[in-house]
Amino acid sequence: MKKILLFLVIAAGSIGLSAQVAGDLDVTFGKEGIAMFDGHQAGSALGQVIELLPDGSILAGGTTEGQLSTGVAITRFLPDGRVDDAWAEEGKLIFLDPAGFRDMTVLNDGRILVIGLEDIAIHRFLPDGTPDYSFGTGGKMEIWDERLYNISPMHIEVLADGKMLIGGEQSTQGSNLMFLQLMPDGALDTSFGNKGLVMIDLAYYDDISTFLVQPDGKIVAAGGGGNSTAYDLWLLRLLPDGTRDSTFGIAGCAIYSFDQNDIEYITALALQPDGKLVAGGITGYHPLLTRFEPDGLLDSTFGVNGLSQILAQFPDDYLQALALRPDGRIVVLSHYDQAGEGWAVAQALPDGTLDTTFANGGYLFTFSFADNVYPVDIALTESGDILALVDLEFINWNTYESKVTYLLEKYKATGVVDNTFESPGIDYQLTFDISDELFDKFVVQPDGKIIGKRYGGVGEQLVRILPDGALDPSFGEGGWLSLYFSGLQDIRYTALALQPGGKIIVAGYGTDNSSGDYRLLVARLLPNGQPDVSFNWDGFYIGGAENEIGLTAIVQPDGNILVGGYVYGGWTGTSQMLLLRLKSNGTLDLSFGNNGKVFLMINSRRPYPYDIDLMPDGRIVLAGHITNSEYKNIPFIARFQPNGAPDNTFGDMGGSLLTTFEGSVEATALDLVIRPDGAILIAGNADGYVETDSSFLWFDGFFMAQYDVNGKPDTAFGRQGVMLQSKETGEMIVSGITLQPDGKIIAAGTVSPYVVGATEKWTLWRFMPDGEPDASWGDAGELSMEIGDWHSAATGVFWLPEGKILAGGFASNGRDLDLTFARYFPGKVVISTVDLTGQAPALRVQSPVTGRAYVWYTLKAPSTIRLHLLDAQGKVIFSMADDELQAPGEYQQEIPLSGLPAGWYGVVLETRLGNASQVLIKP
């Protein structure tokens with residue numbers, strides 16, 4: 001038979017064959033080895049602008065916020081109200097922008113322009129929602145000019161000649177009006193104002209809400225301004241070149257005050273065909289609807305002396321948006337807070353009086369179940385139907401955290417709700433995947449399911465993942481679970497543990513609703529996520545003492561629960577480490593320590609414990625850091641007897657020890673593991689200056705330290721028991737460690753290059769038992785990969801019973817941070833060739849495969865295949881497929897190594913298109 005190199009077969013596009021390699025992702029998990037999850041409830045999504053497209057589709061744009069990220073979110077709806085899943089990414093266009101959304105407009109060719117709230121940055125997208133790479137850099141154009149500082153753009157208009165006009169404010173000691181005009185290519189239009197820029201100071205505070213461009217090219221802007229004693233509404237008109245129009249108001253500006261003692265402000269503006277200007281807003285905390293003549297004078301024929309009275313009976317409300325019908329009637333959207341909070345749509349006749357033929361006597365009221373309601377924008381379809389955009393705020397009164405979402409509701413031209421408009425509707429909350437999922441704790445159940453904790457836009461949540469990387473629908477609500485505890489707010493889960501029988505322990509702390517003090521919290525859940533009411537009578541234990549904070553927890557073999565943390569004493573109280581034990585039923589174990597609790601100080605300093613573990617004989621080990629008198633963090637390890645008494649046989653400080661470094665390095669121990677022989681390994685982050693023979697070098701990496709069972713440094717590990725790891729090109733951060741059965745150490749974290757804009761990489765390191773990097777793993781012991789396009793970090797790592805490595809953390813999806821898991825193979829398989837005549841190649845294998853082995857292959861065309869396992873002499877010892885006809889596709893096959901002696905083996909795939917092979921070794 002013909003000998004074929006594997007890489008040649010792949011290059012030909014016929015067959016791809018691979019076997020597990022050290023650090024290879026387990027492609028049977030999630031999506032090619034990685035599972036990313038947005039929260040069940042996302043962060044806030046504010047609707048701010050709606051645009052109608054010629055085909056009847058609707059664009060709704062606004063700001064969306066997570067715990068750390070702010071972005072722009074645009075959704076496209078079909079004319080019937082359903083999200084247009086074929087547009088952008090399932091109907092949503094979301095991208096990071098630190099300032100958020102301000103305005104958007106649609107060009108005649110369907111392209112979309114978007115501006116943010118701060119600085120001048122314009123994004124342009126093609127009609128299908130993808131970036132327009134012909135515009136600026138990657139679809140984004142940033143306008144740089146030394147005069148543009150403290151700028152907040154508010155509105156954008158595209159002129160008939162393609163120029164872009166942006167209006168906004170510049171904040172200095174007060175605020176000034178700003179207009180910027182750009183050429184179609186983004187260059188400043190030097191024919192406008194002062195080289196493209198117009199700055200106007202009307203009052204101490206000048207707030208612009210909107211502007212429009214008349215058919216003759218004149219620009220009309222509106223807003224409010226004043227000082228601490230007066231705040232009046234104004235209109236300003238500029239000529240096309242940016243100079244003030246002297247025929248409008250006084251020197252181009254018309255300022256009005258209908259209520260001398262209160263705030264007045266224009267929020268909406270529209271131009272009638274006859275040149276009159278209809279304006280809406282607020283006056284004296286009442287809705288305002290008025291009209292001005294083309295020269296800026298108040299139109300006394302409108303309403304009563306220029307003011308419409310259609311919303312006068314709405315105290316403490318405001319008009320937010322308006323639209324003109326072709327016949328001159330005016331549709332307005334207003335906040336409404338009378339018998340309940342909601343919004344009102346009303347219609348006025350051209351003279352400003354109420355149109356009683358609209359809806360129910362001129363008004364249509366909608367009440368909401370939300371805690372706060374914010375009407376935003378209104379638009380009219382070609383047929384005259386009304387679209388209203390409204391923001392809704394929902395407050396969790398247990399945690400005092402809020403989330404804002406929006407709805408889009410449609411009314412027929414007569415003012416009747418359009419029931420054929422399916423989505424979102426009043427009961428539909430449109431959420432966006434911008435909520436940051438800051439993931440830092442997880443445990444693995446015996447059945448392979450993963451329970452994780454995240455903190456995002458809606459506070460603390462638990463999530464459970466199936467072994468294949470999918471959300472577990474039997475846990476909580478679709479895999480996500482939020483917990484609330486009577487009397488507590490601002491709850492933080494800092495530790496997870498498992499009790500026998502699949503019950504889940506959650507530990508942490510919250511703030512007492514009454515006193516504001518911290519309270520330690522331990523809760524127990526049933527396997528499905530429901531509270532276990534048999535635990536301390538109601539499912540949870542809340543500490544009775546003031547300002548106790550839980551940071552780490554572990555379940556003993558007898559089911560009792562150990563919680564480590566500290567007591568916060570403030571500036572004048574006593575602060576010290578806390579270790580307490582609960583019985584398996586959730587009550588305090590009074591036989592432990594002093595009535596269930598142990599307190600510790602090291603060198604008169606409070607230790608912060610971040611991890612806890614048990615010795616085989618039941619002794620308790622905690623690791624973390626203290627802060628010395630020079631405010632440097634120093635790692636500590638403390639050990640206690642099973643009854644809570646300090647283990648004075650350990651270390652040199654009565655049951656505890658400190659890890660110190662040369663130079664000025666300080667560090668924090670974040671994780672610890674106990675080896676089978678009782679040796680204790682700790683790891684964490686470190687930084688500072690390291691002294692060399694000639695100078696001091698900055699160190700920004702991590703450390704590991706190992707001590708024997710008595711707390712003496714293990715001199716065979718690293719350098720006298722301590723290993724420091726860093727690199728000149730970037731920061732290295734470690735959050736968790738685990739041990740392989742062969743004693744090797746896996747550390748999980750991130751690498752952050754010292755380059756502006758560089759992507760932080762999800763990284764796993766592997767070390768030999770003595771602390772030396774394992775050269776067979778990744779690049780000299782480091783395995784990094786970019787997940788997403790911004791930031792990723794592995795915050796924890798586990799060795800799974802089937803011999804795989806599971807890392808958990810978070811990664812950016814381009815707009816926020818999501819929960820992320822990756823699963824790896826630990827062994828190494830060398831890619832090589834197999835001579836099918838029986839002559840086996842000579843191979844050098846650096847590390848063996850452990851656990852179960854798999855092979856994957858891809859067929860590009862139908863073929864009869866043979867898949868064999870060969871021994872070292874090239875003899876077929878097992879056939880996984882023999883003359884089997886298979887369709888094109890990807891296949892996975894377990895390699896049966898059970899019962900076979902140690903040694904190396906060959907896996908051979910034969911097809912009519914050619915052959916491919918791998919060699920692996922069994923320890």
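Me: Which element gives the largest share of the lining of the second largest pocket?
Reply: That's β33, with seven residues. A pocket is an open set of points on a 1 Å grid over the protein atoms alone where a 1.4 Å probe fits, with protein on both sides within 12 Å along at least five of seven lines, and lining residues have an atom within 4 Å of a point. Strands are DSSP runs of E, at least two residues long. This is a predicted model, where local features need pLDDT of at least 70, side-chain atom pairs count only at pLDDT 80 or more, and totals for chains, interfaces and linings use all residues. Residues are numbered from 1 along each chain as its sequence is written, and side-chain values use heavy atoms, without hydrogens and water.

Me: How much space is in there, and which residues are closest to the centre?
Reply: About 1,500 Å³. F442, D611, D671, L672 and F798 are the closest, out of 46 lining residues.

Me: New topic: is Y541 buried or exposed?
Reply: Y541 is buried at 9% relative accessible area (buried means under 20%, with a 1.4 Å probe and protein chains only). Y541 sits in strand β36, residues 540-542.

Me: What does Y541 touch, beyond four places in sequence?
Reply: Its contacts (heavy atoms within 4.5 Å) are L520, L521, V522, F535, N536, L582, G586 and L588. L520 is 21 residues away in sequence, yet the C-alpha atoms are 8.1 Å apart.

Me: And where is D355?
Reply: D355 is in the loop between β24 (341-348) and β25 (363-367), and counts as buried at 4% relative accessibility.

Methods
Points joined across faces, edges and corners; volume = space filled by probe spheres on them. Helix = DSSP H or I, 4+ residues; strand = E, 2+ residues; numbered from the N terminus. Buried < 20%, exposed > 50% of the residue type's maximum accessible area, 1.4 Å probe, protein only.
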